Amino acid sequence: MLGKTALITGASSDIGHAIAKALAASGYHLAVHCHHNVPAIQAIHIEAAKVGVQAECFRYDLTEASGAEALVQSVFETFGRLDVLVNTIGPFYFKDIGEVTPAEWAEAIQLNLHVAFNVTYFAKPHLCSSQGHIINFAFSGVEHLKAWPMSTAYGAAKAGIVVLTKALAVSLAPLGVRVNAICPGLIEAGESSAPEREEMARQIPLGRPGKPDEIADVLTWLVTESPSYLTGALIPVAGAWEY
Ligand SMILES: NC(=O)c1ccc[n+]([C@@H]2O[C@H](COP(=O)([O-])OP(=O)(O)OC[C@H]3O[C@@H](n4cnc5c(N)ncnc54)[C@H](OP(=O)(O)O)[C@@H]3O)[C@@H](O)[C@H]2O)c1
C-alpha cells in the first residue's frame with residue numbers, strides 16, 4: 001500500500017515550510033507546492049530525505065482554477081493517493097481600503113479564498129477515498145471581525161474561509177473527511193520588521209510572536225492524534241491575542 005501523502009500549497013512560505021517538515025517527521029510523503037520560490041522547496045527535499053519520506057515539488061500559478069486542477073492531477077499521478085490537504089496560501093495585504101484598486105481587491109480575494117476552494121474542489125474525490133483531512137488558514141479573531149481598514153480584502157477573504165471551512169465540514173462529515181481551520185496570531189517572519197507588525201507584537205499577551213513550528217505542531221496533532229469528532233473547528237494558535 002502506498003504511504004500517506006500530504007499536499008501543502010504555499011510550502012515555500014515560512015509556515016508552509018514548517019508544516020512540511022513536521023508532517024515528514026510524522027511519516028507523510030510530501031507534495032509541496034510553490035509558485036516562484038523553488039529554493040525554499042529544495043530545502044524540504046533534504047529534510048524529507050533525512051526521515052525517509054518522498055518529497056516532490058509542484059510549481060504552479062494557482063490564480064486560475066486550471067492551475068489547481070493540474071496541481072491535484074500531478075500530485076495524484078505521482079503519489080497515487082492523497083490524505084491531507086493543507087491550504088496554506090494567504091498573503092497579507094496592508095493598504096487602506098480607500099486606496100485599494102479593483103485589481104488589488106481581486107488578487108487578495110483570489111489568493112486567500114478562491115485558491116483554497118479550487119484546490120479543495122479537485123482534491124475532494126481523493127480525500128473522500130482516503131477519509132482524509134483538509135486544513136485551511138484564517139487568523140485569530142476572524143470569527144468576530146472588527147473594522148480593519150488597512151486589510152479589508154484580506155479580512156473579507158478570511159471570513160470567507162471560515163464559512164467555507166464550516167460548510168465543507170458539514171458536507172464532507174458523512175464521507176469521513178474532516179475540515180478544520182487554524183487561526184494563527186502574529187507569527188515570526190524571517191525578514192519582516194514592518195512597523196505594523198511591531199505594533200501588533202507589543203499587544204500579544206504571551207509576550208512574543210508565534211513560531212512557524214508552533215503552527216506546524218498543532219496541524220500535525222490535528223491530522224495524527226486529534227479526536228475524530230473534531231471537525232468544523234476554528235483553532236486559534238495565537239498566544240491569546242486576536243487581530
Ligand atoms: N504569518 C503570519 O503572521 C500569519 C498570521 C495570521 C494568519 N496567517 C496565515 O497563515 C498562512 C501562511 O502564512 P505565511 O505568512 O507563512 O505565508 P503566505 O503569505 O501565505 O505565503 C504566500 C504563499 O503564497 C504563494 N503564492 C503567492 N502567489 C501565488 C500564486 N499566484 N499561485 C500560487 N501560489 C502563490 C507563495 O509562493 P512562492 O513564494 O513560491 O511564490 C507563498 O508560498 C496564510 O494563509 C496566512 O494568511 C499568517
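Guide: Angles under 35 degrees count as roughly parallel, over 145 as roughly antiparallel, 65 to 115 as roughly perpendicular, and the rest as oblique. The model is predicted, so local features need pLDDT of at least 70 and side-chain atom pairs count only at pLDDT 80 or more, while totals for chains, interfaces and linings use all residues. Residues are numbered from 1 along each chain as its sequence is written.

We begin with helix α4. Helix α4 covers residues 102-130 and packs with α5 at an angle of about 15 degrees, their axes lying 8 Å apart (axes are lines fitted to C-alpha atoms, for helices over the stretch in contact, with angles from 0 to 180 degrees between N-to-C directions; helices, H or I of at least four residues, and strands, E of at least two, are DSSP runs numbered from the N terminus). The two helices α4 and α5 are therefore roughly parallel to each other. In passing α5, α4 makes a right-handed crossing (the near helix is turned clockwise from the far one by less than a right angle; anticlockwise is left-handed). On the α4 side, the contact is formed by W105, A108, I109, N112, L113, A116, F117 and T120 (contact: C-beta atoms, placed from the backbone, within 7 Å). On the α5 side, A153, Y154, A156, A157, K158, G160, I161, L164 and L168 take part. These residues of the contact of α4 with α5 comprise 13 nonpolar, three polar and one charged (Ala, Val, Leu, Ile, Met, Phe, Trp, Tyr, Cys and Pro are nonpolar, Asp, Glu, Lys and Arg charged, and the others, Gly among them, polar).

Helix α4 also packs with helix α3, residues 65-79, at an angle of about 35 degrees and with axes 9 Å apart. The crossing of α3 and α4 is right-handed. From α3, the residues A65, A68, E69, L71, V72 and F76 meet V115, N118, V119, F122, A123 and H126 of α4. The contact of α3 with α4 divides into nine nonpolar residues, two polar and one charged.

A further helix pair is α1, residues 14-25, and α2, residues 38-51, whose axes come within 9 Å and cross at roughly 15 degrees. That angle makes α1 roughly parallel to α2. As α1 passes α2, the crossing is right-handed. H17, A20, K21, A24 and A25 of α1 make the contact with A40, I44, E47, A48 and V51 of α2. Seven nonpolar residues, one polar and two charged make up the contact of α1 with α2.

We turn now to the sheet. The open sheet has seven strands in the order β3-β2-β1-β4-β5-β6-β7, with parallel pairing (strands pair if DSSP finds at least two bridges between them). Its edge strands, each pairing on one side only, are β3 (55-59) and β7 (234-237). From one strand to the next, the twist averages 20 degrees. Strand β5 (residues 133-137) and strand β6 (residues 178-184) pair in the parallel sense over five bridges. N136 has A181 in β6 as its bridge partner.

Finally, two helices lie across these strands. Helix α5, residues 152-172, lies across β5, β6 and β7 and runs at about 160 degrees to β6. Helix α7, residues 212-224, lies across β4 (84-87), β5, β6 and β7 and runs at about 165 degrees to β6.
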